[in-house]
Amino acid sequence: MPPPPPPVRSDAVPSASRPSHVLRPHHILLLWLLVVGIFPLEENPLPQKFTLTLHRLLLDEIAEIKPPRSYSDLLGDIKKAASVDHTGNAKELVQAMNKLTQLFRTPDDLSNLLHSLPVLFLDRDDEDSARYCRRSIFGYFCHRCYVSYTKLSIGAIARLHGDFLDWLKFKGDPRFVPPPGYAPIRKDLITNDYQMFKTKYDKREYPTAETYALFMKGVHTGDANVANEGLRRFFEQKFHEGSDSGLRQHAMLNLARMHYLRRELVACIKTLEEAITTARTAGDNATLQHCTSLLHRLPQFPIERGRKPIINEIQPQMHPLEILHDTKKLLMVEHQQPLTAAYEKIMQAMGLYDHYIDVQNGLFVESEQYAQHAVQSVVWNFFGCSRLARIEEDIVISFTEYGSEDNTRLTVTLNRAYHKARQGKYTASIATLLEPDVWRGLSLADYDLWAGEIWHILALRASRRGHVRQLRDYLVPRRPDTLYSPRDYLWDKEKSIGSLLRDPLHEILIMRRADHAHTCVNKLLTALWHAEYQGRYGIYRTAVVMLADVGLEFGMTKWCRRILDEVMPQIMSENDLEQKGFALFILARCVIATGDSSSEALRESIGYLEEAERCFAELELFSAQMDVQFLLSVVHHNLGDPARRDEVAERHEQTRMKRDQEHATIVEDWIEDTLQLVADVGAAIASR
């Protein structure tokens, strides 16, 4: 999960230093709708549903929580609401809205509208009240616009009138072409002819958030030049009367956060060191705590291998996500910590989050509320309880927003898709990730995670189906910026993963292919001990099955059968098809060996072998499926059932032919199309 946003100082921009109000073209349209479209309840000629829609539209625009919409968008919404009107009154309003260019032919027409605004919010006498209360949202909006109008010069009114008419005809995209009437207004004393009457707050420039939005755009699109320029321009603004803004540490923290998201670790460390020094000098404890926590997030360099990670202690200014991020450190196998320690951190993060929101009055971010559920799903997967993990994932999916830039929702979606791929549903998992709701709100940093997960699913499918040439010659050269080890999908004898659990098991499987698995018993027992101590029961079950397989080579048939009988209920309930098929195959061999190949033992093994064959067929593991089919045909032969033996032998031959056909596959058309679509999405995100 990304680091939390930098802290916001309550005294950074005082309320008196906010920019004065400037009339824009969309304000004129909203004022006209308030005059001609909103009536007192007893005099309202418009349908109730249309009036409700109009109220919602006006509230949404007046609140200014997002950029103003164009005239065509507003007109389209009002037309849609008026289409269900059978009285015709709402359609008359739409017709009048279509003729605004005729209603405002001259600047005098615009002045007449603005000059009449006081009747909307000023009471005439005790009995004749105004249409809107002065302290209501509509009344305050009308009053503010009227005050701004009274300060305008004659030339400014004429310019506002021309901008309004041009805005009505504007058809461009406001993201790329500024609409008429939305240019910045300079407030210096020499060139400011926009206002005739100026208050002291109209005579100087005050900070705005547009340049910080430019910085965030650069972070999302991966454009470092745009981000650096936007951040520099934002913090160069005049925040107060002093010579030093006192916000340099905030600028450095934002810059370090950008380097962290872009995985530029050296630059991030240098920036954080400067930010920590500046924060200490300024006495800014909140920013200092954020800088220190972000520094503790950084991964270890190769020369620091073996150093224990720094675990954060709860501090007054610490963000709950920093405590939750410590769970990731405790989940690393090389740190040799049990999973219960990770759960203790999750509980601490939950308690700190409640205190952060209820007592410290911290900023509420919806994605942060469900971050602990996403982390719990990961921990449950390590525990080997995938059903509990799916429940935690369902909570995140149900209560987070579709198509947003929420990293928590993306993480859960990626984990769920990979779990589905491990169960043999490769195309379904790819289709899930290619849904527009998954990728349309991504930043470029999250895009790398999304593209990397698609690549890992394709690599998993290629390794299982035996597409070695496709994996080595096509997929590996086109790997996105994601973590990858050759041992994840190939038999590699040299490059290790760096795991106390997976590396020994990988080496044992390599030796098993050469019929020398008995030479790695010590490594297997060590990995088994670590898996049990750390509570990683998914890997523990696999290690127990491999230990039973090795034990058969030493003739320990009854002991192997006993340890498999102890672990099989967990394997069957977890229903990991690859683990289940492997365990059933080894169990069938143990049953046959324990029963000295008697008829009863052979008949008992048939059910296990048929279920193992089904699992491997669903996963498209053709080599493993052939091994099961060969043993199954031998069992039928020893039972004196030639018909079923020949049937299984025929299936074995079909599987062999399919395996050889898949081995010759270099690239498939749909995989090319998928990777091209992934590249197109990345190009679209970078070009925003």
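The largest nonpolar core has 79 residues, and Trp450, Leu475, Leu524, Leu564, Ile586 and Leu609 have the most contacts inside it. Helix 29 (residues 577–594) gives the largest share of this core, 11 residues. This is a predicted model: local features need pLDDT of at least 70, side-chain atom pairs count only at pLDDT 80 or more, and totals for chains, interfaces and linings use all residues. Residues are numbered from 1 along each chain as its sequence is written, and side-chain values use heavy atoms, with hydrogens and water left out.

Q: What makes a set of residues a nonpolar core?
A: The residues are buried Ala, Val, Leu, Ile, Met, Phe, Trp, Tyr and Cys, joined through side-chain atoms within 4.5 Å. Buried means under 20% relative accessible area, exposed over 50%, partly exposed in between (1.4 Å probe, protein chains only).

Q: How do you know that the span of helix 12 agrees with its 14 residues?
A: The expected span is 1.5 Å times one less than the number of residues. For helix 12 (residues 248–261) that should be 20 Å, and its end C-alpha atoms are 20 Å apart, so the two agree.

Q: Why is helix 12 called largely enclosed?
A: 12 of its 14 residues are buried, so the rest of the structure largely encloses helix 12.

Technical notes: Helix = DSSP H or I, 4+ residues; strand = E, 2+ residues; numbered from the N terminus.
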